[in-house]
Amino acid sequence: MNANANANANANASDSGRSTAPSAVGLGLLAAWTVHDLEEVATMARWSRTRVPVLRERHPGVPDRVWRSMEAVDGREFATAVAVMGLVVAAASADGYRTGGRSAFYQASLNGFGLHGLVHVAQAAATRGYTPGVVTSPLLVVPFTLWARGRLRRAGVLRPTRARDIVTGLALAGAATAVSHAVARRIHRAVSAP
């Protein structure tokens, strides 16, 4: 490709709002999240039944309400919470695809996804055993996040990461998780009401 054609291609990408970041960066977030959360859905109910009693005994200083809330989530409610979270991730992925990765919402979601993968690894280390999501975190979540950020950086659209961006990413992931569980709980109470 000659210099003029390359300049025209770059101008067209800028005019359309799309960058040279591949669609795999935007849509890949949803795909990676889906595989990761399938692991969580498949293992959460059994893990809660078998590991929470062990952890409760090992860590008596943790407030009892924490253990009760972990035991109270049944498999259907957890799967519903994952579906609600899926809507958030799908919106972020679509925005990332639409903007060629430029979207602040997409990039904050991508950062939150990667950071939450590190939280899974830390949870497994703290509990000295398997926790739902820990297998796909180092194999998929963190590598995908690093790959996507690298592609965005090479495309020239990656926003600089500051300490507050890390806090924002974790806060976004935490808030979306809390809201998805609250919505799932409300849905299941409404369905169960006479």
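**Figure 1. The end of helix α6 and the residue after it.** G156, which follows α6, has a positive phi, near 80°. The structure is a predicted model, in which local features need pLDDT of at least 70 and side-chain atom pairs count only at pLDDT 80 or more, while totals for chains, interfaces and linings use all residues. Residues are numbered from 1 along each chain as its sequence is written, and side-chain values use heavy atoms, with hydrogens and water left out. Helices are DSSP runs of H or I with at least four residues, strands are runs of E with at least two, and both are numbered from the N terminus. The 20 residues of α6 reach 27 Å from the first C-alpha to the last, close to the 28 Å expected at 1.5 Å a residue; the expected span is 1.5 Å times one less than the number of residues. Buried residues of α6 include T136, V141, F144, A148 and L152, where buried means under 20% relative accessible area, exposed over 50% and partly exposed in between (1.4 Å probe, protein chains only). These buried residues pack against α2 and α5; a contact is a pair of heavy atoms within 4.5 Å.

**Figure 2. The aromatic pair F144 and W147.** One aromatic pair is found in a search of the whole structure. The pair consists of F144 and W147 and is tilted, at 5.8 Å centre to centre with 40° between the planes. Rings of Phe, Tyr and Trp (its six-membered ring) pair if their centres lie within 6.5 Å; planes under 30 degrees apart count as stacked, over 60 as edge-to-face and the rest as tilted. Both residues belong to α6 (residues 136-155), three residues apart, about one turn of the helix. An α-helix has 3.6 residues a turn, so residues three or four places apart point the same way. F144 is buried, with a relative accessible area of 10%, whereas W147 is partly exposed at 36%.

**Figure 3. Surroundings of F144.** Leaving aside residues up to four places away in sequence, F144 touches A24, V25, G28, L29, A32, L110 and F113. G28 is 116 residues from F144 along the chain, and the C-alpha atoms of these two residues are separated by 8.0 Å.

Figure 4. V35 is part of helix α2 and is partly exposed, with a relative accessible area of 45%. Residues up to four places away in sequence not counted, V35 touches T136 and L140. Between the C-alpha atoms of V35 and V141 there are 9.2 Å, with 106 residues separating the two along the chain.

**Figure 5. R128 in the loop between α5 and α6.** The loop between α5 and α6 contains R128. Its phi is near 55°, a positive value in a residue other than glycine. Most residues other than glycine have a negative phi. R128 is exposed, at 62% relative accessibility.

**Figure 6. The largest pocket.** The largest pocket holds about 1200 Å³ of space. Pockets are found on a 1 Å grid over the protein atoms alone, as open sets of points where a 1.4 Å probe fits, with protein on both sides within 12 Å along at least five of seven lines; lining residues have an atom within 4 Å of a point. Points are joined across faces, edges and corners, and the volume is the space filled by probe spheres set on them. The lining has 43 residues, and E40, F78, Q123, T177 and H181 lie nearest the pocket centre. Two or more lining residues come from each of α2 (23-58), α3 (64-72), α4 (75-99), α5 (104-127) and α7 (163-192). α7 gives the most, with 11 residues. By type, the lining has 25 nonpolar, 13 polar and five charged residues; Ala, Val, Leu, Ile, Met, Phe, Trp, Tyr, Cys and Pro count as nonpolar, Asp, Glu, Lys and Arg as charged, and the others, Gly among them, as polar.

**Figure 7. Helix α7 and its packing.** The end C-alpha atoms of α7 are 43 Å apart, which agrees with the 44 Å that its 30 residues should span at 1.5 Å a residue. The buried residues in α7 are D165, G169, A173, A176, S180, H181, A184 and H188, and they pack against α4 and α5. T80, in helix α4, is buried at 18% relative accessibility. T80 touches A184, I187 and H188, not counting residues up to four places away in sequence.
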